[in-house]
Amino acid sequence: MIDLSRYKVIYGDRVLNAVYLESYEMKEYPGLGGVSKFKQITVVAINEDGTLVAICDEAWRFQFVPVLGRGDGK
């Protein structure tokens with residue numbers, strides 16, 4: 001599990017509060033010096049109605065944006 005609570009996740013036309021990366025599948029690219037990239041991921045996020053959802057899809061379909069300043073000094 002990878003903590004994503006400081007990020008918003010953009011998936012399609014939805015912007016959700018990310019919670020964590022639940023699972024992932026990697027693909028190696030030997031021609032790039034052994035670099036591995038995420039192929040499939042499952043992100044747990046808070047839906048528009050406040051419920052938790054798990055979204056599983058190809059990694060390229062997700063974009064993560066850091067949450068900047070919450071206005072409470074933290």
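The model is a predicted one. The protein has 0 helices and 6 strands, and when it is read along the sequence these elements follow the pattern β-β-β-β-β-β. Of its 74 residues, 22% count as buried.

**Overall build**

- Taken along the principal axes, the C-alpha atoms of the protein fill a box of roughly 45 × 25 × 25 Å.
- The protein exposes about 5500 Å² of surface, and carbon and sulfur atoms supply 53% of that area.

**Salt bridges**

- Side chains of opposite charge can pair when their charged atoms come close.
- The count of salt bridges in this model comes to 3.
- R14 forms a salt bridge with E48, and the closest N and O atoms of this pair are 3.3 Å apart. The pair links distant parts of the chain, since R14 belongs to strand β3 (residues 14-29) while E48 belongs to the loop between β4 and β5 (52-58), 34 residues apart.
- The two partners fall into separate classes of accessibility: R14 is partly exposed, with a relative accessible area of 27%, whereas E48 is exposed, with a relative accessible area of 55%.
- The side chains of K39 and E25 meet in another salt bridge, at 3.8 Å from N to O. K39 lies in strand β4 and E25 in strand β3, so this pair ties together parts of the chain that are 14 residues apart in sequence.
- K39 counts as partly exposed at 44% relative accessibility, and E25 likewise counts as partly exposed at 40%.
- R61 and D57 also meet through their side chains in a salt bridge, with 3.2 Å from N to O. Here R61 counts as partly exposed at 36% relative accessibility, while D57 is buried, with a relative accessible area of 15%. D57 is placed among the buried residues because its value is under 20%.

**Aromatic side chains**

- The count of aromatic pairs comes to 3. In one of them, the rings of Y24 and F38 have their centres 5.1 Å apart and their planes at 80°, so the pair is edge-to-face. This pair links distant parts of the chain, with Y24 in strand β3 and F38 in strand β4, 14 residues apart.
- Y24 counts as partly exposed at 46% relative accessibility, and F38 counts as partly exposed at 41%.
- F62 and F64 form an aromatic pair that is stacked, with 6.4 Å centre to centre and 10° between the planes. F62 counts as buried at 9% relative accessibility, whereas F64 is partly exposed, with a relative accessible area of 31%.
- Y11, F62 and F64 together form one aromatic cluster.

**Charges over rings**

- The charged end of K37 sits over the ring of Y29, 5.4 Å from the centre of that ring.
- R61, which also meets D57 in a salt bridge, lies over the face of W60, at 5.8 Å from the ring centre.

- I2, Y24, M26 and F38 make a nonpolar surface patch of about 370 Å².
- F38, whose place is in strand β4 (residues 35-46), thus has a part in this patch as well as in the edge-to-face pair with Y24.

- T42 lies in strand β4, and at 9% relative accessibility T42 counts as buried.
- Which residues does T42 contact, once its neighbours within four places in sequence are left aside? The contacts of T42 are then Y20, L21, E22 and S23, together with A54, I55 and C56.

Note on methods
Residues numbered from 1 in each chain as written. Predicted model: local features only at pLDDT ≥ 70, side-chain atom pairs only at ≥ 80, totals over all residues. Heavy atoms only, no water. Patch = residues over 30% accessible without salt bridge, like charges linked within 9 Å, V, L, I, M, F, W, Y side chains within 5 Å. Areas by Shrake-Rupley, 256 points an atom, 1.4 Å probe, with all protein chains shown as cover. Salt bridge = Lys/Arg side-chain N within 4 Å of Asp/Glu carboxyl O. Helix = DSSP H or I, 4+ residues; strand = E, 2+ residues; numbered from the N terminus. Buried < 20%, exposed > 50% of the residue type's maximum accessible area, 1.4 Å probe, protein only. Contact = heavy atoms within 4.5 Å. Phe/Tyr/Trp six-rings, centres within 6.5 Å; stacked < 30°, edge-to-face > 60°. Lys NZ or Arg CZ within 6 Å of the ring centre and 35° of its normal.
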